[in-house]
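Here is a brief report on one protein chain. Have the sequence and the coordinates open while reading.

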Amino acid sequence: MTRVWLVRHGESLLNAAGRMQGWADAPLTPDGRAQAAARRQDFAADGLVFDAVVSADGIRHRETAGQLCPASTPREDAGWREVCFGALEGARSAALVRQLADHRDAPDPLRAVLTELSASAGGEHPDAVVARALAALGRAADDGDEVLVVTSGVTILLLLDALGADLDHVVAGPANLSVSTVDGRPGRWRVTRAVDQAM
């Protein structure tokens, strides 16, 4: 059985500027590097040793992985990339918040907004994100028993939702360096921790 530790990247320059950054990219801020260093200390205090480190293919993901496990060389996997927001890439994050408010009565407002963006603004359909994240999760299972994955917030939420996680406590996107865990193997995954900031 594999335990995959899904960690959202540290604060990036686009995060700090209040901008959306699906496939857009930016390096970490000094605060983002400090967040990752603090999480590294949390992992060390808990005695966690990872068999492998996997990173999405953005600079913010690679830098976070490097801060979390400086002695390891992360394997990059584009399957962990954040959703593409289409025409909203680089837009103020408030634009997405407004769209979510417009869909607040939908059973799944985030999925509704992403589906709309895929049709109207060239965004990536949430089903495509889930498919590639599930494939990447399967590849991570081949990396060992304890695998650290650095990815992005919406990708984490869509994957956890697809695996049946109870996300009722989640009222905003995952915080930088939040931790989720998924245990099992392909076809038999179980979410054991969902977007938890504390260790």
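This is a predicted model: local features need pLDDT of at least 70, side-chain atom pairs count only at pLDDT 80 or more; totals for chains, interfaces and linings use all residues.

Six strands make up an open sheet with mixed pairing, and their order is β3-β2-β4-β1-β5-β6. The edges are β3 (75-76) and β6, each of which pairs on one side only.

β1 and β4 run parallel and share six bridges. Within that pairing, Arg 3 has Glu 146 in β4 as its bridge partner. β5 and β6 are antiparallel, joined by four bridges. Here Val 179 faces Asp 196 of β6. The two strands form a hairpin, with five residues between them. In its turn, Gly 187 has a positive phi of about 85°.

**Helices on the sheet**

Helix α3 (residues 59-68) lies across β1, β2, β3 and β4, at about 140° to β4. Helix α6 also packs on the sheet, where it touches β1, β3, β4 and β5. The direction of α6 makes about 130° with that of β1.

**Nonpolar cores**

In soluble globular proteins, nonpolar side chains tend to be buried together. Which residues touch the most other members of the largest nonpolar core? They are Leu 6, Trp 80, Phe 85, Leu 114, Val 149 and Leu 160, out of 38 residues. Several elements supply at least two residues each, among them β1, β2, β4 (146-151), β6, α4 (94-102) and α5 (109-120). The largest share comes from α6, with seven residues.

Leu 160 shows how the chain comes together. Leaving aside neighbours within four places in sequence, Leu 160 is in contact with Leu 6, Ala 165, Leu 167, Ser 180, Val 182, Val 191, Ala 194 and Val 195. A second, separate core has 13 residues, including Trp 5, Phe 50, Ala 65 and Val 179.

**Aromatic rings**

The structure contains three aromatic pairs. Two of them share Trp 5. A pair of rings is described by the distance of the centres and the angle of the planes.

| Pair | Centre to centre | Angle between planes | Geometry |
|---|---|---|---|
| Trp 5 and Phe 43 | 5.9 Å | 75° | edge-to-face |
| Trp 5 and Phe 50 | 6.1 Å | 80° | edge-to-face |

Both pairs link separate parts of the chain. Trp 5 is in strand β1 (residues 2-8) and Phe 43 in helix α2 (residues 30-45), 38 residues apart. Phe 50 sits in the loop between α2 and β2 (52-55), so its pair with Trp 5 ties together parts that are 45 residues apart in sequence. Trp 5 and Phe 43 are buried, and Phe 50 is buried as well. The three rings form one aromatic cluster.

Trp 23 has a charged neighbour instead: Arg 81 lies over the face of its ring, at 4.7 Å from the ring centre.

Leu 177 has a phi near 70°, a positive value in a residue other than glycine. Leu 177 is in the loop between α7 (153-162) and β5 (179-184). Is Leu 177 buried or exposed? Its relative accessibility is 2%, so Leu 177 counts as buried.

Val 195 is not a glycine either, yet its phi is positive, about 40°. Val 195 belongs to strand β6 (residues 190-196). Val 195 is buried too, because its relative accessible area is 13%, below the 20% cut-off. Val 195 is also one of the contacts of Leu 160.

Note on methods. Residues are numbered from 1 along each chain as its sequence is written. Side-chain values use heavy atoms; hydrogens and water are left out. Buried means under 20% relative accessible area, exposed over 50%, partly exposed in between (1.4 Å probe, protein chains only). Two strands pair if DSSP finds at least two bridges between them. Rings of Phe, Tyr and Trp (its six-membered ring) pair if their centres lie within 6.5 Å; planes under 30 degrees apart count as stacked, over 60 as edge-to-face and the rest as tilted. A charge sits over a ring if NZ of Lys or CZ of Arg is within 6 Å of the ring centre and within 35 degrees of the ring normal. A nonpolar core is a set of buried Ala, Val, Leu, Ile, Met, Phe, Trp, Tyr and Cys residues joined through side-chain atoms within 4.5 Å. Contact means heavy atoms within 4.5 Å. Axes are lines fitted to C-alpha atoms, for helices over the stretch in contact, and angles run from 0 to 180 degrees between N-to-C directions.
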